Amino acid sequence: MAHSAATGRSIPIISPAEGVSEALIRQLVETFYDRVIRDPELGPIFHGKLSGRWARHLALMVDFWSSIALRTGRYQGKPQAAHFGLDLTPDLFARWLQLFEETAREICAPDVAAFFVDRARRIAESLQIGLGIGPKALRLP
């Protein structure tokens with residue numbers, strides 16, 4: 001367990017995450033992105049950016065989450081660069097997280113869902129900081 005001084009809570013460090021399989025990751029990714037592309041707020045962004053490349057994107061996201069949860073090292077992308085120039089806002093990130101959390105809690109056992117949700121929140125925060133949006137974004141002179 002690692003203790004976060006900032007939040008005062010303990011965060012379990014599990015490597016690889018117990019209860020996570022490639023099949024579960026694939027189900028989570030496919031179910032989540034099916035909801036994203038049908039979402040009135042997020043769908044247009046993803047359709048515009050990934051038109052004709054959905055299968056490739058889903059495979060990349062499976063690799064991404066496999067690298068995070070199972071430490072496979074398959075993901076070699078650059079998330080900051082991939083999201084740059086998309087006119088994203090903190091509200092859109094909140095919507096993304098809401099859909100992700102709902103999907104994870106529906107598909108996964110409670111402890112596994114908590115693992116994925118924790119990582120998704122960290123990823124969203126990191127992306128927002130890197131993209132210069134949100135409350136923790138760096139405001140350089």
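Tutor: Let us begin with D63, which is partly exposed, with a relative accessible area of 23%. Buried means under 20% relative accessible area, exposed over 50%, and partly exposed in between (1.4 Å probe, protein chains only). This is a predicted model, in which local features need pLDDT of at least 70, side-chain atom pairs count only at pLDDT 80 or more, and totals for chains, interfaces and linings use all residues. Residues are numbered from 1 along each chain as its sequence is written, and side-chain values use heavy atoms, with hydrogens and water left out.

Student: With which residue does D63 form a salt bridge?

Tutor: A salt bridge is a side-chain nitrogen of Lys or Arg within 4 Å of a carboxyl oxygen of Asp or Glu. Here the partner of D63 is R74, with the closest N and O atoms 2.8 Å apart. R74 lies in the loop between α3 and α4, eleven residues from D63 in helix α3. R74 is partly exposed as well, at 34%.

Student: How many salt bridges does the rule give?

Tutor: The count comes to nine. Another one joins R121 and E101 (3.0 Å, N to O). R121 lies in helix α6 (residues 110-131) and E101 in helix α5 (residues 90-107), so this pair ties together parts 20 residues apart in sequence.

Student: Is E101 buried or exposed?

Tutor: E101 counts as buried, at 15% relative accessibility, whereas R121 is partly exposed at 43%.

Student: What follows helix α3?

Tutor: Helices are DSSP runs (H or I, at least four residues), numbered from the N terminus. After α3 comes R71, whose phi is positive, near 60 degrees, although R71 is not a glycine.

Note on methods. Helices (H or I, at least four residues) and strands (E, at least two) are DSSP runs, numbered from the N terminus.
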